[in-house]
Amino acid sequence: MSETNTYPLILVPGLLGYGEQQKLLNRCLPYFGMTAGSAVHIAESAGISAHTASFQPLSGIWERTCELFAQISGGTVDYGADYSLRHNIARYGKSYNGFLPNFEQGSRKIILVAHGFGAPVARLLTYLLANGSPKEKGQGYDYSPLFEGGHGDAVHAVVTIAGNNDGTTLFQGLDYYVPDWKKGIVSTLIRSTAKTTGKTVEEATEDYLSATEGNVFYEAGLDGMAAFNAQMEPNPDTYYLAFTGEVTEDYTSRIKEKIPDKVASLLDIDKGGPRSPFAGRLHEAVTIQDVYLPGKKAGVLAPTSAFLCFFQNHLPENPIVGAEAKPNDGLINTNTSLAPSTEPVTGFSSVEKCYPGKWYQMPIEDRNHMSFLGLFEKPDHYRTEVQKFLRLVEGLESF
């Protein structure tokens with residue numbers, strides 16, 4: 001093991017996240033740290049450079065990746081000639097000085113720490129730096145360095161924290177019960193960001209909601225992440241770690257225990273024991289569905305956690321959602337916040353036994369989606385957790 005590395009950290013917020021571009025908000029309530037203090041300041045006090053990225057709220061995975069690259073390397077956001085033409089958006093966006101100008105040219109490696117929907121953004125940035133984009137390069141010589149490839153050594157590690165690696169059922173559930181809930185949100189954001197050109201707000205809203213690529217609500221769901229994962233593969237030069245939380249408790253066995261054996265036998269309720277002798281003639285055993293409820297650690301996310309616990313879908317025209325999706329961290333299902341199901345993964349044991357090119361799954365923690373960010377956590381406890389995390393990721397061997 002070599003001496004501890006001090007690679008710069010790039011913190012990648014989730015869906016409604018914010019960063020250094022929102023100066024006042026970031027100063028008063030930093031996304032990474034929330035009410036417990038700034039994770040950036042904790043890292044800097046340990047001698048580690050750290051920066052938090054910002055994104056346009058309606059930007060999808062590709063667009064956020066382009067925005068992230070420009071913020072790190074410097075220059076103007078380039079969404080790509082091919083992508084902007086297909087989606088009828090302006091090719092260029094904001095300009096930035098760069099957290100680490102031209103980092104992809106080999107001057108310094110970075111570590112990407114991504115929360116929630118920031119996970120696929122960090123993964124795509126790493127993938128494009130290594131492999132480039134044939135579609136964008138095929139448009140001509142004028143393309144962003146992000147699309148050229150050959151920079152697989154630029155990202156030392158990708159760390160997802162409560163990452164949306166396989167999708168969340170939250171939006172699908174909302175669509176089922178409140179079909180038009182997104183329209184007002186999208187139209188308001190389109191007015192404020194001028195996301196599309198040459199269309200009325202109503203037309204742009206309809207186009208956005210009917211699209212798949214570039215639509216954050218679709219991309220964050222099961223189908224969207226399945227399509228994204230089908231195009232991804234880990235970079236052989238990058239370490240991958242996944243941190244996952246869960247705040248639900250399985251009440252199924254407790255409910256079964258409360259049912260007297262005689263009642264269960266009479267009504268043919270399946271408690272996992274002997275069945276009524278009349279069961280074969282009358283009907284199938286009554287099966288008690290898995291019951292999960294938010295635990296104490298759910299905190300402010302208890303309502304959304306309960307919603308995820310009870311939402312299921314068995315209609316083939318939408319992604320199937322079964323009992324396996326009930327455990328969650330309040331916003332993302334536990335089984336989809338693990339390391340991506342389409343990529344090689346093993347359980348984490350120690351940094352000495354980590355190798356680049358595959359995922360390492362950390363033990364599932366009893367904490368909600370926002371407590372990873374420090375929301376309502378004790379400052380001393382959060383500081384200790386961040387310092388422990390820094391020792392872990394900065395201790396990964398440099399090859």
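Visitor: Which residues line the largest cavity?

Guide: First, the general idea. Rolling a probe the size of a water molecule over the atoms shows where empty space is left. Here a cavity is a set of points, on a 1 Å grid over the protein atoms alone, where a 1.4 Å probe fits but cannot get out; lining residues have an atom within 4 Å of a point. In this structure the lining of the largest cavity consists of R123, Y127, M232, E233, P234, Y240 and E343. This is a predicted model, in which local features need pLDDT of at least 70, side-chain atom pairs count only at pLDDT 80 or more, and totals for chains, interfaces and linings use all residues. Residues are numbered from 1 along each chain as its sequence is written, and side-chain values use heavy atoms, with hydrogens and water left out.

Visitor: What volume does the largest cavity have, and what kinds of residue are in its lining?

Guide: A volume is the space filled by probe spheres set on the grid points, which are joined across faces, edges and corners. For the largest cavity that gives about 40 Å³. The count is one cavity of 30 Å³ or more. For the lining, Ala, Val, Leu, Ile, Met, Phe, Trp, Tyr, Cys and Pro count as nonpolar, Asp, Glu, Lys and Arg as charged, and the others, Gly among them, as polar. The lining has four nonpolar residues, three charged and no polar.

Visitor: Y240 is one of the lining residues. Is strand 7 buried or exposed?

Guide: Buried means under 20% relative accessible area, exposed over 50%, and partly exposed in between, with a 1.4 Å probe and protein chains only. Strands (E, at least two residues) and helices (H or I, at least four) are DSSP runs, numbered from the N terminus. Strand 7 covers residues 239-243, and five of its five residues are buried, so it is largely enclosed by the rest of the structure. Y239, L241 and F243 are buried on one side, Y240 and A242 on the other.

Visitor: Which strands pair with strand 7?

Guide: Two strands pair if DSSP finds at least two bridges between them. Strand 6 (residues 155-161) runs parallel to strand 7, joined by five bridges. A157 has Y239 as its bridge partner, and V159 has L241. Strand 13 (residues 359-361) also pairs with strand 7 in the parallel sense, over three bridges; there L241 stands opposite Y360.

Visitor: How many residues of strand 6 are buried, and how many bridges join strand 5 to strand 6?

Guide: Seven of the seven residues of strand 6 are buried, so this strand too is largely enclosed by the rest of the structure. Six bridges join it to strand 5 (residues 110-115), and the two run parallel. V113 has V159 as its partner in strand 6.

Visitor: Where does S144 lie, and which residues does S144 touch?

Guide: Contact means heavy atoms within 4.5 Å. S144 is in the loop between helix 6 (134-137) and strand 6. Its relative accessibility is 8%, so S144 counts as buried. Leaving out residues up to four places away in sequence, S144 touches F69 and D78.

Visitor: What does the secondary structure of the chain come to?

Guide: The chain has 17 helices and 13 strands. Of its 399 residues, 53% are buried.

Conventions
1 Å grid on protein atoms, 1.4 Å probe; cavity = no way out; pocket = protein on both sides within 12 Å on 5 of 7 lines; lining within 4 Å.
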